[in-house]
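Please look over the sequence and fold below before reading on. The report then takes the structure region by region.

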Amino acid sequence: MFIHLDLDCFFVSAHRTLDESLLHIPVAVGGRSNLNIFSSKKEIRKISSNDGAFVSSILTNEGQKTFKEYFVDENGKIRGIITTSSYEARAYGVKTAMSVNEALTLCPHLKMLSPNYPLYHELSQKLKELLVKEIPLVEQFSIDEFFGDLSGYIEEDEVVPFAYRIKNKIQKELGLPISIGIANTKYLSKLITEYAKPDGVKYVSKDNIGNFIRNIPIAEFPGIGKAFQERLKGYGIKTLGDIKNKRELFYSWKKPGIDLYNRVCGIRDTKLTTFREKKSIGIGRTFDCIYDRTELRRRVCILSRYLCFLVKKSNVNPLTYTIKIKYESNQKSKNYVNVNTIFNELDFKNHMTKLFDENDTHPSHGVVQLNISVINFAKANEFTYNIFEYENDIKKSKLTNQMQKLRNKYGIDIIKTAFEIKEEKDK
């Protein structure tokens, strides 16, 4: 027996734990690309300790800013998109990914809030700690979603009262509304949660699953993207019931088709992932068009400093560095470099700025987005580094480790290169 828990309108609900005046009115949380890391203004920036929370790892003070400070730019234009909206706001048509401007047009009295990432991370961590004490096996699926395996722990006829007890405890201790779906397999429990919302519990027994999914559109099942939906419709498959009746077709598509069929039909979908090994670490920003290549290199350098901090926090040694550049014309350029060194900040910054210079394929065009990442983590005792550079690498790595200690204590911006500081003063 599996249980899926999904916090209702999580970001809005989190703010409501601090401000009761936000209850029962249209509220939305909006987001903008966090560009203040490029600013010369002094600010304390922290790193999230919640590995299961899939939002920004760099936590700043956006939550303390007013609407004008956060959403209105220097030209008086309202910026940002809707991240989460309350059910009261959804009644006016306010949706996730909608522009803040459009949302305010639909609902002029909408209460717009800037994001408070430290609060979200704190509540998510507290919820995980609560669940681990109540459920033998817990998987954090996202910042506001969790799976629990109740097999051999809770009897089937007791599972609904158990879910209500957990739900009431979360409301009492954290002040957060949550919806819970229960089924005999993992992804069916996630599907059922959608029918428990808002703030409810729904259980569908194994015997009734066939009837329950029969007429549900394929778009509602978690993991079926738009491209795959179109492919399925080409075979006349529009509902989950249609999928159940096409076993041979799905099994002919090998692993992707077999996995989807089994998930929809509740077959062998009983494994939780309690640990996710990092495959990559990255950071990126979207901004107004910039033509100045010196400023772009400065931003690559700053992003590299932040990414270096995250890499050292994760205690990994990446062997591949990547960069992606997006231009105003929507053209893109991307590339990577493989290295054979012990990771250190000096070499990493040099590699990234060189990657930018070599892959800036449209130097006369403005750039609107930069993304850098690291992949291909070396496994302990399974990789041989360049012996001719090893001693030098060790020295640079030790220097990076010393800077890491200072940044852990005083903030990521406590040590910057002269290039970063000089250019900030010029701006």
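## Ground rules

This is a predicted model, where local features need pLDDT of at least 70, side-chain atom pairs count only at pLDDT 80 or more, and totals for chains, interfaces and linings use all residues. Residues are numbered from 1 along each chain as its sequence is written, and side-chain values use heavy atoms, with hydrogens and water left out.

Helices (H or I, at least four residues) and strands (E, at least two) are DSSP runs, numbered from the N terminus. Contact means heavy atoms within 4.5 Å.

## Nonpolar cores

A nonpolar core is a set of buried Ala, Val, Leu, Ile, Met, Phe, Trp, Tyr and Cys residues joined through side-chain atoms within 4.5 Å. Buried means under 20% relative accessible area, exposed over 50%, and partly exposed in between (1.4 Å probe, protein chains only). The largest core holds 37 residues. Leu5, Phe10, Tyr120, Leu131 and Ile170 touch the most other members. At least two residues each come from strand 1 (2-7), helix 1 (10-16), strand 2 (27-31), helix 5 (117-134), helix 6 (159-174) and strand 9 (178-183). Helix 5 gives the largest share, seven residues.

Leu5 has contacts beyond its neighbours within four places in sequence, including Leu131, Phe146, Ile166, Ile170 and Ile180. A second, separate core has 32 residues, among them Ile281, Phe309, Ile325 and Val374.

## Two helix pairs

Helix 5 and helix 6 pack at about 145 degrees, with axes 11 Å apart. Axes are lines fitted to C-alpha atoms, for helices over the stretch in contact, and angles run from 0 to 180 degrees between N-to-C directions. On the helix 5 side, the contact includes Leu123, Leu127 and Leu131; on the helix 6 side, it includes Phe162, Ile166 and Ile170. By class, this contact has eight nonpolar, no polar and five charged residues. Here Ala, Val, Leu, Ile, Met, Phe, Trp, Tyr, Cys and Pro count as nonpolar, Asp, Glu, Lys and Arg as charged, and the others, Gly among them, as polar.

Helix 13 (residues 293-314) and helix 14 (residues 345-359) pack at about 140 degrees, with axes 9 Å apart. Residues that meet include Leu296, Val300 and Ser304 in helix 13, and Phe348, Met352 and Thr353 in helix 14. This contact counts eight nonpolar, two polar and six charged residues.

Helix 7 is largely enclosed by the rest of the structure, because eight of its eight residues are buried. Lys186 and Lys190 are among them.

Helix 12 (residues 254-265) has twelve residues. Its buried residues are Gly257, Leu260, Tyr261, Asn262, Val264 and Cys265. What covers them includes helix 7 (186-193), helix 8 (209-213), helix 9 (226-233), helix 10 (240-244) and helix 11 (247-251). Just after helix 12, Gly266 takes a positive phi of about 70 degrees.

## Two single residues

Ser151 is found in the loop between strand 8 (145-149) and helix 6. Ser151 counts as partly exposed because its relative accessibility is 44%. Not counting residues up to four places away in sequence, Ser151 touches Met1 and Phe2. Ser151 and Asn184 are 33 residues apart in sequence and 9.0 Å apart in space, C-alpha to C-alpha.

Is Lys396 buried or exposed? At 17% relative accessibility, Lys396 counts as buried. Lys396 lies in helix 15 (residues 390-410). Leaving aside neighbours within four places in sequence, Lys396 is in contact with Asn344, Leu346 and Asp347.

Technical notes:
The expected span of a helix is 1.5 Å times one less than its number of residues.
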